[in-house]
Amino acid sequence: MSFESPQPPYNAGDPSATFLSSSCLDVLLVGLVALAYRLAHDIDSVQRDGVAGLPEDEVKARAATKGGSVTKAAADGGTAALRGSRMDEDEERDAVFYRLETLGYRVGQGMVERFSTDRPRFTDTLDVIKFLCKDLWMLVFRKQIDNLKTNHRGVYVLTDNAFRPFSRMSTEAGGQAVVRAQPFLWFPCGIIRGALASMGINATVQAETSELPGATFQIKSITVNP
């Protein structure tokens, strides 16, 4: 996968390379978040005692069957018990984050396996991070990371002043735009973590935005004790 204007380093040794419209990729990145929320709601509905989607009368009948002869109030209570409670905002957020981050992780792994085959093996963690900031970011978002900082103790901060998925988002008064933009960072977090894992680096990745269209990613490498 690449864009309409491929750069020589990406596909020089790949005669089977295929190309993807960058506009399609933008739409996909935006649509993934909405899809993840829909899936979280659908799965939650199915898991609520297996009565999701049933008519109210059917649910009440099941409640009455379980409790024998019951009053209307008791039947309504049984209905609520059968349907179960919906997941709260934190549970919904965790479910969506897990789905998007895991999907991004798999994408990041696959991209590195394909587009780093013609490169010599990296021997330094900083070189891996630079590859991510320049080559991989250019491949996915058509630009390089604007700023890279490190404390030389396994923590790296990547700043993109014009993060592409945010470029078409409208701003709102009161800071709601920043809150609503946060889920769009979870898939890229997964891409970063998957890419690093494919190159032998275990890390945690967190992202935030304080002002659109900028985004900041913090990478913390994890040392595995032998």
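Contact means heavy atoms within 4.5 Å. Helices (H or I, at least four residues) and strands (E, at least two) are DSSP runs, numbered from the N terminus.

I kept in mind that this is a predicted model, where local features need pLDDT of at least 70, side-chain atom pairs count only at pLDDT 80 or more, and totals for chains, interfaces and linings use all residues. Residues are numbered from 1 along each chain as its sequence is written, and side-chain values use heavy atoms, leaving out hydrogens and water.

**Sheet.** I found four strands in an open sheet, ordered β1-β2-β4-β3 with antiparallel pairing (two strands pair if DSSP finds at least two bridges between them). Its edge strands are β1 (147-150) and β3, each pairing on one side only. I looked up β2 and β4 and saw six bridges joining them; Val 155 stands opposite Lys 220 in β4.

**Helices on the sheet.** I saw α8 lying across β3 and β4, at about 155° to β3. Helix α6 lies across β1, β2 and β4, and runs at about 15° to β2.

**One residue.** I asked which residues Leu 196 touches, leaving aside neighbours within four places in sequence. Leu 196 is in contact with Val 128, Ile 129, Leu 132, Ile 201, Ala 203 and Ile 219.

Definitions and conventions
Axes fitted to C-alpha atoms, helices over the stretch in contact; angles between N-to-C directions.
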